[in-house]
There are 4 protein chains.
Amino acid sequence: MIDRRKFIKQGSLLTTAGLVASAVPFSGMAQSGKNMQPESKSKKSKWLDGSRLVVSVSMQFEAGGQPENAESPFPQNMEKGYKDLPATTWYEYGYKEGIPRMLDNWDKLGVKITSHMVGSAVLKNPALAKEIVDRGHEAAAHGMNWATQYTMSYNEEKKFIKDGVDAIKKITGFDAIGYNANWLRRGENTLKILQELGFLYHIDDLSRDEPFIQKVNGKDFVTVPYTLRCNDIQLIEGKNFSVDQFVHQVKMEFDQLYEEAANRRRQMSISFHDRIGGTPQMVQAAKELFTYIKKHEGVSFKRKDEIAKMALEDKTTIIE
Amino acid sequence: MIDRRKFIKQGSLLTTAGLVASAVPFSGMAQSGKNMQPESKSKKSKWLDGSRLVVSVSMQFEAGGQPENAESPFPQNMEKGYKDLPATTWYEYGYKEGIPRMLDNWDKLGVKITSHMVGSAVLKNPALAKEIVDRGHEAAAHGMNWATQYTMSYNEEKKFIKDGVDAIKKITGFDAIGYNANWLRRGENTLKILQELGFLYHIDDLSRDEPFIQKVNGKDFVTVPYTLRCNDIQLIEGKNFSVDQFVHQVKMEFDQLYEEAANRRRQMSISFHDRIGGTPQMVQAAKELFTYIKKHEGVSFKRKDEIAKMALEDKTTIIE
Amino acid sequence: MIDRRKFIKQGSLLTTAGLVASAVPFSGMAQSGKNMQPESKSKKSKWLDGSRLVVSVSMQFEAGGQPENAESPFPQNMEKGYKDLPATTWYEYGYKEGIPRMLDNWDKLGVKITSHMVGSAVLKNPALAKEIVDRGHEAAAHGMNWATQYTMSYNEEKKFIKDGVDAIKKITGFDAIGYNANWLRRGENTLKILQELGFLYHIDDLSRDEPFIQKVNGKDFVTVPYTLRCNDIQLIEGKNFSVDQFVHQVKMEFDQLYEEAANRRRQMSISFHDRIGGTPQMVQAAKELFTYIKKHEGVSFKRKDEIAKMALEDKTTIIE
Amino acid sequence: MIDRRKFIKQGSLLTTAGLVASAVPFSGMAQSGKNMQPESKSKKSKWLDGSRLVVSVSMQFEAGGQPENAESPFPQNMEKGYKDLPATTWYEYGYKEGIPRMLDNWDKLGVKITSHMVGSAVLKNPALAKEIVDRGHEAAAHGMNWATQYTMSYNEEKKFIKDGVDAIKKITGFDAIGYNANWLRRGENTLKILQELGFLYHIDDLSRDEPFIQKVNGKDFVTVPYTLRCNDIQLIEGKNFSVDQFVHQVKMEFDQLYEEAANRRRQMSISFHDRIGGTPQMVQAAKELFTYIKKHEGVSFKRKDEIAKMALEDKTTIIE
């Protein structure tokens with residue numbers, strides 16, 4: 001795992017001109033009192049590379065790794081002892097149609113995303129996993145399977161995480177440095193284990209609209225915050241929101257964050273799952289949304305590894 | 001049942017000029033690795049009859065065949081031992097108003113659809129079942145009633161399926177060659193039984209946006225994929241989606257598939273149930289949607305039997 | 001109760017010129033086969049008074065008669081033995097704000113509606129019940145309280161219904177001839193009891209978009225069909241649909257029925273509950289909807305007693 | 001607590017010119033019969049300060065005071081004995097991003113709101129609580145924590161309420177005179193206790209669209225009515241309504257109340273929770289809504305303490 005960390009330290013992220021150091025350092029404010037910093041008064045604070053707003057896109061690679069009779073839009077009333085065959089085909093859609101369609105869309109839009117890969121899903125569809133990385137996207141770890149990670153013992157969990165990241169490395173050649181737990185549900189030991197294994201960041205936190213740093217095992221560890229409200233799994237699932245509701249809602253999220261970003265560091269997170277975000281209607285939605293977003297000056301789409309590294313290098317990153 | 005298969009082989013489907021054989025055969029790609037074919041890179045691959053996009057419409061004929069106190073928009077809290085009388089009238093709407101209204105609409109729009117007919121519903125309303133076929137639509141089998149097919153023994157299930165298709169033949173004169181299980185929930189033996197009984201295709205699969213072939217009992221058997229997301233039962237049910245949400249969502253689905261269809265074979269599936277899709281508001285929705293779709297060049301509405309036969313004749317059909 | 005029936009026979013409903021007898025009597029078609037009439041082929045069949053489309057509006061008068069801790073938008077997790085006080089105020093809104101607001105709206109729009117009155121609610125707010133009738137609206141019976149009517153014995157149910165209609169008569173002076181069971185859930189004896197008590201019609205049926213006649217105790221009894229899909233209780237409840245969804249959906253319902261009404265008899269049903277349809281946002285919705293509907297030629301808003309009587313006089317009414 | 005009441009009596013609220021005494025006193029009408037007043041006939045009745053419509057905005061300050069594993073948009077299926085860590089970060093968002101963002105928005109819009117503060121949340125984030133008051137908003141009490149208040153004994157509840165209001169006083173210096181129970185669920189003793197402790201009003205009532213007075217312990221006590229339908233917690237929660245639905249619905253609410261306000265006293269209530277209403281998309285929604293509302297003449301945004309005091313001084317306030 002040491003390689004990954006080295007890899008990170010080698011390349012400088014700061015290839016963009018116009019770095020803006022904020023006059024009043026943000027981390028200083030954050031350190032002045034736990035949870036009590038008057039953030040609403042905070043002064044101008046932008047990104048190290050000069051971006052006004054950073055948009056971070058997730059693409060879950062999970063289908064194929066789901067447990068038998070995993071939750072789906074079908075009525076959850078199967079008789080015991082039988083397989084939910086059509087639900088399985090709903091998942092298959094994720095790798096047969098969903099991911100390929102999204103990959104084409106990201107290429108057309110010129111967007112690089114972070115793919116959260118379940119280890120067993122990678123092993124089931126290795127060519128597709130590799131293609132994601134080959135097209136320039138980030139592979140991040142997402143557990144070896146869909147097990148309930150927060151109930152595992154320390155050693156059990158460490159093996160569980162390592163198996164997943166090893167599967168990604170073996171198939172795609174990518175050194176994952178980011179982590180996402182199933183349904184974001186990490187346990188009390190998760191961050192420590194991630195730090196030991198060489199990870200730089202996790203995303204299982206909804207508390208801020210910008211990255212921040214925590215000390216884990218005495219070292220800096222980054223949170224690149226995630227989203228439920230601009231996330232297809234929360235909005236869709238086959239019945240909650242319609243696609244046009246998703247589009248309107250995410251647009252309003254962007255409008256507000258873009259406005260705020262004139263004066264402080266803001267990150268927007270959007271998430272798509274293989275079997276949901278990869279449907280024609282949702283890819284159409286992403287196209288509409290991203291085309292809208294790209295019309296705004298100063299917006300950059302970034303992989304989460306880029307965001308984490310930039311946060312580590314930036315002296316003004318919030319420290320909690 | 002043999003008659004049906006003969007009937008199929010007799011008539012050539014290829015009455016349309018301009019067949020386009022794809023340069024890189026799709027089935028070849030599919031055979032190169034299970035679930036790993038790089039579909040997103042696939043070259044131009046259209047339909048045998050030259051269609052750019054094929055739209056497949058389903059109309060469920062189920063009302064009247066439902067079990068007592070079947071699920072409805074009413075609160076599911078009936079005291080035991082009593083009949084849910086208003087829920088019964090909700091189902092009756094399906095054959096008294098719903099199907100007749102949709103039939104008129106399909107005529108006005110010039111669209112031929114596939115009607116998935118429950119055997120007992122056919123026996124209860126024979127004249128209406130016959131009228132569907134007389135107006136040029138396809139009758140496909142949908143079980144003898146709403147029983148949980150996947151828990152049946154082999155012989156029990158075979159009789160269950162045969163009873164349903166026999167009822168359709170007796171009443172409408174139509175040889176059904178397509179099958180749809182209740183809530184898509186087929187069992188482990190279903191495809192084998194269907195192949196034995198002379199069926200050519202089933203629809204209980206959501207994994208692709210185009211038809212594909214599987215070997216069943218050593219012979220080709222077609223999947224004409226179905227949909228939950230452009231399906232009134234998932235969207236409506238009396239409270240999930242409103243009709244305008246359905247319209248927006250299905251439009252976005254079409255826009256994406258039509259775009260993709262410039263370069264590869266794409267099928268769009270839309271589904272309407274007698275008691276839901278047959279309401280005035282949903283027929284209005286279908287009218288709006290299909291009028292929009294028909295403005296696009298190269299779109300053809302096809303019955304699922306036509307799609308299945310075309311897939312069988314086409315050397316480039318995906319083989320799984 | 002005999003008075004009510006007399007009252008009905010006295011007044012001729014046919015004060016409107018231009019009665020249109022349909023060339024092919026509809027009831028004849030309906031008699032040709034149970035549930036098998038080819039309705040989609042039916043010829044021109046309009047209303048006896050020449051209306052093209054009849055719109056029937058319901059206003060439930062229930063609040064104040066609800067049982068303790070009746071269902072509300074609040075979380076249904078009250079500790080046992082305590083009163084859900086804020087839920088009670090949600091109901092109180094129905095008579096303090098909801099009904100008065102709707103009454104003003106109906107006056108402005110020039111619409112007469114049918115108010116389905118729970119007996120105990122009438123006794124709790126007698127002045128308001130009387131005002132509804134004084135302003136020209138119909139009072140219909142809706143049970144003495146919210147009890148589960150379909151589990152009652154014959155005699156118990158007869159008393160239950162009679163108590164309710166007597167309360168209405170006593171307070172408002174109106175002879176109710178129409179009935180609506182709680183959640184439409186009538187029992188096996190309900191229609192017989194209603195006929196014995198002198199009622200002319202009930203609404204607990206969703207099976208058609210026009211009134212029809214059944215023989216009950218050997219006499220004609222009318223069903224004036226009701227709706228769940230253009231009904232605020234199904235759509236709103238505090239979280240299912242938003243008000244703008246309701247507006248769009250009901251508009252689409254109207255558009256289709258108005259179109260169909262050029263060739264056959266069509267009735268549209270819309271329903272508003274005191275505590276839901278009486279909120280400012282829903283009254284705004286009703287105003288928008290009815291203003292839209294009223295722009296169309298030949299549409300008449302009618303009370304359900306008018307519809308029932310017209311159906312009885314009309315030789316072409318469907319007989320089931 | 002006596003100080004608070006004194007404070008109230010000192011300052012005259014009537015600094016606005018053009019007071020309009022209604023010709024027919026409203027309270028007179030209300031006294032004519034319990035729950036039977038023909039409100040729909042009521043004459044012109046405006047606010048004491050001449051406002052046409054008063055809009056009352058709530059901002060809940062609750063995050064940080066929630067119990068372990070409190071309800072959140074995450075699946076409610078945690079294994080027993082484990083902490084729902086990501087759900088905690090969902091709450092943290094309320095004080096880290098939500099409240100600061102809303103405070104900036106209220107400043108930009110020039111709106112003063114009422115912040116319902118949970119005592120333990122105030123103690124956890126004192127600087128932020130103080131900032132709310134320092135920026136001119138009202139601090140109202142919202143219990144010491146999220147306990148089920150209606151199951152407490154008299155003394156237990158009194159201590160619970162007092163602890164909460166004392167926390168607010170200690171941290172912010174503000175004498176809270178308004179109360180809101182968790183999920184509005186007050187018990188049978190709550191109003192008596194509040195009156196004893198010097199509170200002037202509570203909001204746990206949905207029954208009217210204007211304030212009213214009740215006698216509690218023989219003295220006037222005001223209800224400033226609250227809302228569920230223009231409340232982010234009911235509409236959002238991560239899946240019920242999308243933000244654009246919220247916007248449309250609240251706009252329709254305003255349109256109706258503004259129209260009615262030409263002839264009688266009307267209050268509109270809107271509510272935002274730290275972790276929901278404080279998201280970028282909801283702040284964008286509030287901006288859109290309030291910008292729309294402010295274009296209308298005669299609308300004033302008021303804190304609930306101002307509304308309560310005006311209701312007490314006004315001889316025409318409804319007395320129940």
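These questions and answers look at symmetry and salt bridges in a predicted model.

Q: How do you know how chain A and chain D are related?
A: A turn of 90 degrees and a shift of 0.0 Å along the axis does it, with an RMSD of 0.0 Å. The two copies are thus related as by a four-fold rotation axis. In chain A, the C-alpha nearest that axis belongs to A:Asn240, 4.8 Å away.

Q: Why is the pair A:Arg266 and A:Glu210 called a salt bridge?
A: The cut-off is 4 Å between a side-chain nitrogen of Arg and a carboxyl oxygen of Glu. Here N and O are 3.0 Å apart, so the pair qualifies.

Q: What makes this pair tie together separate parts of chain A?
A: A:Arg266 lies in strand β8, while A:Glu210 lies in the loop between β5 and β6, so the parts joined are 56 residues apart in sequence.

Q: Which chains does the salt bridge between C:Lys287 and D:Glu259 join, and why?
A: The closest N and O atoms are 2.9 Å apart. C:Lys287 sits in helix α10 of chain C and D:Glu259 in helix α9 of chain D, so the pair joins two chains.

Q: Are C:Lys287 and D:Glu259 buried or partly exposed?
A: C:Lys287 has 14% relative accessibility, under the 20% limit, so it counts as buried. D:Glu259 has 33%, between 20% and 50%, so it is partly exposed.

How values were computed:
Residues are numbered from 1 along each chain as its sequence is written. Chains are lettered from A and ligands numbered from 1 in the order in which they are written. This is a predicted model: local features need pLDDT of at least 70, side-chain atom pairs count only at pLDDT 80 or more; totals for chains, interfaces and linings use all residues. Side-chain values use heavy atoms; hydrogens and water are left out. Copies are superposed by least squares on the C-alpha atoms of residues with pLDDT of at least 70 in both. Helices (H or I, at least four residues) and strands (E, at least two) are DSSP runs, numbered from the N terminus. Buried means under 20% relative accessible area, exposed over 50%, partly exposed in between (1.4 Å probe, protein chains only).
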